[in-house]
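Please look over the sequence and the three-dimensional view that follow, and then read on with both of them at hand. The paragraphs below go from one part of the chain to the next.

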Amino acid sequence: MNEKFGVRIAGTGSYLPEKVLTNFDLEKMVDTSDQWIIERTGIRERRIAPENMVTSDLAVEAAKKAIEDAKILPGDIDLIIVATTLPDMYFPSTACIVQQKLNIRKAACFDISAACSGFIYGLAVAKSMIESGPFKTCLLVGAEMLSKITNWKDKTTCILFGDGAGAAILTRSETNKILSVYMEADGRYSNILELPAGGSRMPASEKTVKEGLHFIRMEGKEVFKLAVMKMLEASRKALEASGKKIEDLALLIPHQANLRIIEAIAERLTLPREKVFVNLDKYGNISAATTIIALDEARQQGRVKTGDIVELIAFGGGLTWGAAVIEL
Ligand code: UT7
């Protein structure tokens, strides 16, 4: 068997649209309050992309920053993976559109559909494609434009989500720095977090539009319970596989869906508050983009530095979940 190559994250970048939608703005749209949203979720505001932007635009902005941070040229990239819940269109893949917009000539491109766990799933795929060759440099993006599939009349979901993108450049390295990636799913729960219409089961029709079936539908309480349990499991399994202990972590970067979920996980993992990254107060839940945006922000803020060990954990529609232990 060929010897495996090592893989590392050589750069990160993120992009958040400028427009801020606060809880007070939402008070004017649905029967909710700033106090309820903060107490039940921890979210204060979220970013909303302009009408004329599409998912690939967000992805490209984040990608440009990651490319600069990694000090590579777009032409060095030979693999592009975009994790997204809402691609520009069903086909071609958003990754192909990102390739075109970045003017990259020779790369393999595809999207990953794993909802909020998309970036972690993408890490696993990119890692194995680089370590076994022939790919050397991967642009991995988590990009979401959830505002376009949010029912702005449904108070139980419209307070939760936001738009944005994060990107990482993964390259071959002498020693492997993606220490472990754990992934799992349970399709028995596919109906508790879904976008009911628009696919082959329920193609778009006048009826589906009228009934609001092109919007995210979630059974929040059920998702909540499983999110805590499964993210804890994933965190422990990824740590075990990496040979690291919880005390080795410089920072835990959990999926940013609900502060109560994050606090429950931190408590059960016995992690002090300063070792747990939170930015959902500013952005809400950006699905596949949350963990990579958070990692990029943590690097920019100096919360983590080269050599530090971080763990990313995510959970979302599918249901899917996963975790990754990374040495920066
Ligand atoms: O990214 C994928 C993973 N997603 C998640 O992890 C999300 C997990 N779920 C959650 O974060 C929480 O379940 C929610 C934040 C979505 C909801 O919080 P909850 O504490 O589970 O509330 P609930 O759904 O049980 O609703 C409690 C009450 C209900 O009223 P009644 O029936 O008790 O009279 C709701 O109608 O709160 C009401 N409610 C609201 N009130 C004001 C629901 N949404 C709102 C709202 N403003 N926005």
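In which loop does Leu 319 lie? In this model, which is predicted rather than determined by experiment, Leu 319 is in the loop between strand 12 (309–316) and strand 13 (320–327). The peptide bond that joins Gly 318 and Leu 319 is cis, with an omega of about -15°. Both of these residues are touched by Ser 190, when residues up to four places away in sequence are left out of the count. Ser 190 itself is found in the loop between strand 8 (178–185) and strand 9 (193–194), and it counts as partly exposed because its relative accessibility is 39%. As a further guide to where this residue sits, the C-alpha atoms of Ser 190 and Ala 289 are 20 Å apart in space, while the two residues are 99 apart in sequence.

Pro 134 has its place in the loop between helix 5 and strand 6.

Thr 270, which is not a glycine, has a positive phi of about 50°, and its place is in the loop between helix 8 (259–268) and helix 9 (280–283). Ser 287 is likewise a residue other than glycine with a positive phi, near 45°, and it is placed in the loop between helix 9 and helix 10 (290–300). Is each of these two residues buried or exposed? Thr 270 is exposed because its relative accessible area is 63%, whereas Ser 287 is buried because its relative accessible area is 4%.

Helix 4 covers residues 94–101, and its buried residues are Thr 94, Ala 95, Ile 97, Val 98 and Gln 99. These buried residues pack against helix 3 (55–70), strand 4 (79–83), strand 5 (108–112) and strand 6.

We can now turn to the protein as a whole, which is divided into domain 1 (6–175) and domain 2 (180–327). The centres of the two domains, taken over C-alpha atoms, are separated by 14 Å, and the contact takes 48 residues from domain 1 and 46 residues from domain 2. About 3600 Å² of area is buried between the domains, and carbon and sulfur atoms give 64% of it. Cys 116, Ile 120 and Tyr 121 supply 18% of the area that domain 1 buries against domain 2, which is more than any other three residues supply.

Which polar and charged links cross this interface? There are 23 residue pairs in polar contact between domain 1 and domain 2, and the count of salt bridges between them is 1. The side chains of Asp 69 and Arg 299 meet in a salt bridge, with 2.7 Å from N to O. On the side of domain 1 that touches domain 2, several elements each supply at least two residues, among them strand 1 (6–15), helix 2 (34–41) and helix 5 (118–131). Helix 5 gives the most to this side, with 7 residues, and the residues of the side divide into 21 nonpolar, 17 polar and 10 charged.

Notes
Residues are numbered from 1 along each chain as its sequence is written. This is a predicted model: local features need pLDDT of at least 70, side-chain atom pairs count only at pLDDT 80 or more; totals for chains, interfaces and linings use all residues. Side-chain values use heavy atoms; hydrogens and water are left out. Domain bounds come from an automatic or database domain assignment. Contact means heavy atoms within 4.5 Å. Buried area is the accessible area (1.4 Å probe) that two parts lose on being put together, summed over both. A salt bridge is a side-chain nitrogen of Lys or Arg within 4 Å of a carboxyl oxygen of Asp or Glu. A polar contact is a pair of N or O atoms within 3.5 Å; within protein, one must be able to donate a hydrogen and the other to accept it, and residues adjacent in sequence count only if both atoms are side-chain atoms. Helices (H or I, at least four residues) and strands (E, at least two) are DSSP runs, numbered from the N terminus. Ala, Val, Leu, Ile, Met, Phe, Trp, Tyr, Cys and Pro count as nonpolar, Asp, Glu, Lys and Arg as charged, and the others, Gly among them, as polar. Buried means under 20% relative accessible area, exposed over 50%, partly exposed in between (1.4 Å probe, protein chains only).
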